[in-house]
Amino acid sequence: VDAWVGATLSADDLLDILSRHRADLLPQAVALTCRATGQQHQSEVTSYLEKLRFPGRQVDHCNPTLLEGAGLRPSMYFSSSIFRAVGPLNADVGNLVPLLLSRVGELVTVVGEALRSGRVTCSLICSDAFDVPAKLGTPFDLADVVDLSNIADYVGLPNTLLLGARLGTVIRAQFMQKGLELKPQSARSAFFKSSFGMELEEFQDLVGLRMRHQDVCDTGTFWTEWERAPRMQPPCRRALAAMTFAKHMCEPKRAFVAGGSAAGTAITAAALVGPLFDKIVSAYAVAEDEMRLFDGSRMVRCAVDGDVFKARLHEWCPLVVAIAEQPTVVGEEIAAPVSVLHFVQWSLADEEVVFLVPKGFCERRANMFAMLACTSEVITCLSGAVRISELEDVGAGPCFAGFAMGDSSLPCGGALEASSP
């Protein structure tokens with residue numbers, strides 16, 4: 001609680017950040033919020049967002065959920081999220097915010113009573129999402145439903161489903177970036193194929209999941225719900241599908257699609273290709289280091305002087321650390337990377353990067369160079385090069401052992417026969 005309170009910003013500081021650094025943010029936030037509230041409330045929404053004004057209330061500090069990422073950038077979604085979370089508000093003009101606060105108060109009361117009675121328990125797990133099963137202990141009981149919100153917008157649907165299948169029997173995933181463009185069924189079919197590299201039906205049989213519901217609501221959120229399902233295709237067909245999926249996920253130079261496959265792609269492929277693992281590593285050497293994270297991971301750190309301007313030009317492209325035999329000039333293409341690692345955290349304030357590597361990485365790649373980069377059709381260098389031997393080991397990374405192939409109790413990465421194409 002102390003850490004949570006200490007992470008807040010004053011209202012004046014937040015408004016200053018919004019006005020100076022994100023001039024385009026407020027108009028977008030007003031438009032997005034009005035999609036949830038109705039255009040009749042635009043005047044009240046504008047006052048709420050531009051001046052943080054609540055009728056009869058003084059706002060002194062802002063909740064840290066108004067900010068996103070390690071750099072604490074203002075998020076354009078802080079505005080409408082609360083309105084969507086509490087459900088439809090049928091408010092008269094001028095009474096929107098009081099009704100919002102009243103509804104939030106009612107929900108807090110209900111949750112408080114449930115927690116005090118023991119009917120509901122809440123666990124806060126301060127860890128990487130991949131560590132959740134380990135943190136909850138053994139044996140780990142799958143949840144009835146896992147709601148992963150809209151993290152698929154940022155890490156892609158394949159990665160989201162890989163994680164969700166480890167946590168529950170029903171997985172809910174939403175998309176906000178795609179919005180209303182996915183209303184036509186034909187657009188959804190094309191989106192799924194671009195995300196998985198194959199038709200939806202093929203992917204479902206490969207991972208042992210079935211999508212049981214999809215819908216685009218009036219506010220532009222695309223909702224999907226998935227459940228575990230038996231796999232029906234013969235082993236040889238699944239082996240072919242696994243190779244197709246691996247080729248799609250391990251190729252580092254792909255056009256970025258909002259909500260498509262992004263971070264952690266090779267690790268996803270490794271979890272789904274079963275005994276074909278060694279063949280995939282041989283065929284897609286650039287993905288080898290990331291796929292080897294199943295054998296154990298380490299966190300390493302290095303100081304970087306990253307080019308923030310160039311990073312902003314590629315704002316929606318996945319951030320990676322590229323490994324190469326020779327340094328590349330900032331802004332130029334890293335044409336022949338030896339390896340691409342997606343588990344990256346770039347701290348602008350500390351001017352450093354922390355990323356995951358497999359065990360033995362620093363010894364095997366000691367004479368090579370690491371560079372911060374973004375990846376789309378090309379891999380663009382964003383920082384000076386650091387020699388691998390100079391990386392600082394800062395401790396063990398998350399455990400991916402439970403995600404590896406051969407875990408027959410889970411559909412993703414379950415028994416996949418060794419037949420090869």
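**Aromatic cluster**

I started with the rings: Phe175, Phe191, Phe192, Phe196, Phe203, Phe222, Trp226 and Phe245 form one aromatic cluster. This is a predicted model, so I noted its terms: local features need pLDDT of at least 70, side-chain atom pairs count only at pLDDT 80 or more, and totals for chains, interfaces and linings use all residues. Residues are numbered from 1 along each chain as its sequence is written, and side-chain values use heavy atoms, with hydrogens and water left out.

How many aromatic pairs does the structure hold? I got nine. Rings of Phe, Tyr and Trp (its six-membered ring) pair if their centres lie within 6.5 Å; planes under 30 degrees apart are stacked, over 60 edge-to-face, and the rest tilted.

I looked at Phe175 and Phe222 next: a stacked pair, 5.7 Å centre to centre with 25° between the planes. Phe175 sits in strand β6 and Phe222 in strand β8, so this pair ties together parts 47 residues apart in sequence. Strands here are DSSP runs of E, at least two residues, and helices are runs of H or I, at least four, both numbered from the N terminus. Phe175 and Phe222 are both buried (under 20% relative accessible area; exposed is over 50%, partly exposed in between; 1.4 Å probe, protein chains only).

Then I checked Phe192 and Phe196: their ring centres are 6.1 Å apart and their planes at 0°, so I logged this pair as stacked too. Both lie in helix α10, four residues apart, about one turn of the helix. Phe192 has 2% relative accessibility and therefore counts as buried; Phe196, at 0%, counts as buried as well.

**The four-stranded sheet**

Which order do the strands take in the open sheet of four? I read β5-β6-β8-β7, with mixed pairing. β5 (143-147) and β7 (209-216) stand at the edges with a single partner strand each, so one side of each has no neighbour in the sheet. Neighbouring strands here are turned by 15° against each other on average, direction ignored.

I followed β6 (residues 168-175) to β8 (residues 222-228): they pair in the antiparallel sense over six bridges. For strands to pair, DSSP must find at least two bridges between them. Val170 has Glu227 of β8 as its bridge partner.

Helix α10 (residues 185-196) lies across β6, β7 and β8, at about 135° to β7. Helix α11 (residues 200-207) also packs on the sheet, touching β7 and β8, and its direction makes about 135° with that of β7. Contact means heavy atoms within 4.5 Å; axes are lines fitted to C-alpha atoms, for helices over the stretch in contact, with angles from 0 to 180 degrees between N-to-C directions.

**Around β9**

I moved on to β9 (residues 297-303), which pairs with β13 (residues 352-358) in the antiparallel sense over seven bridges. In that pairing, Ala303 stands opposite Glu352. β9 also pairs with β17 (residues 392-396), again antiparallel, over four bridges; there I found Val300 opposite Asp393.

**Ser339**

Is Ser339 buried or exposed? Buried, because its relative accessibility is 0%. Ser339 is in strand β11 (residues 339-341). Its side chain makes a polar contact of 2.9 Å with that of Asp289 (a pair of N or O atoms within 3.5 Å; within protein, one must be able to donate a hydrogen and the other to accept it, and residues adjacent in sequence count only if both atoms are side-chain atoms). Leaving out residues up to four places away in sequence, I listed Val286, Asp289, Val321, Ala322 and Ile323 as touching Ser339.
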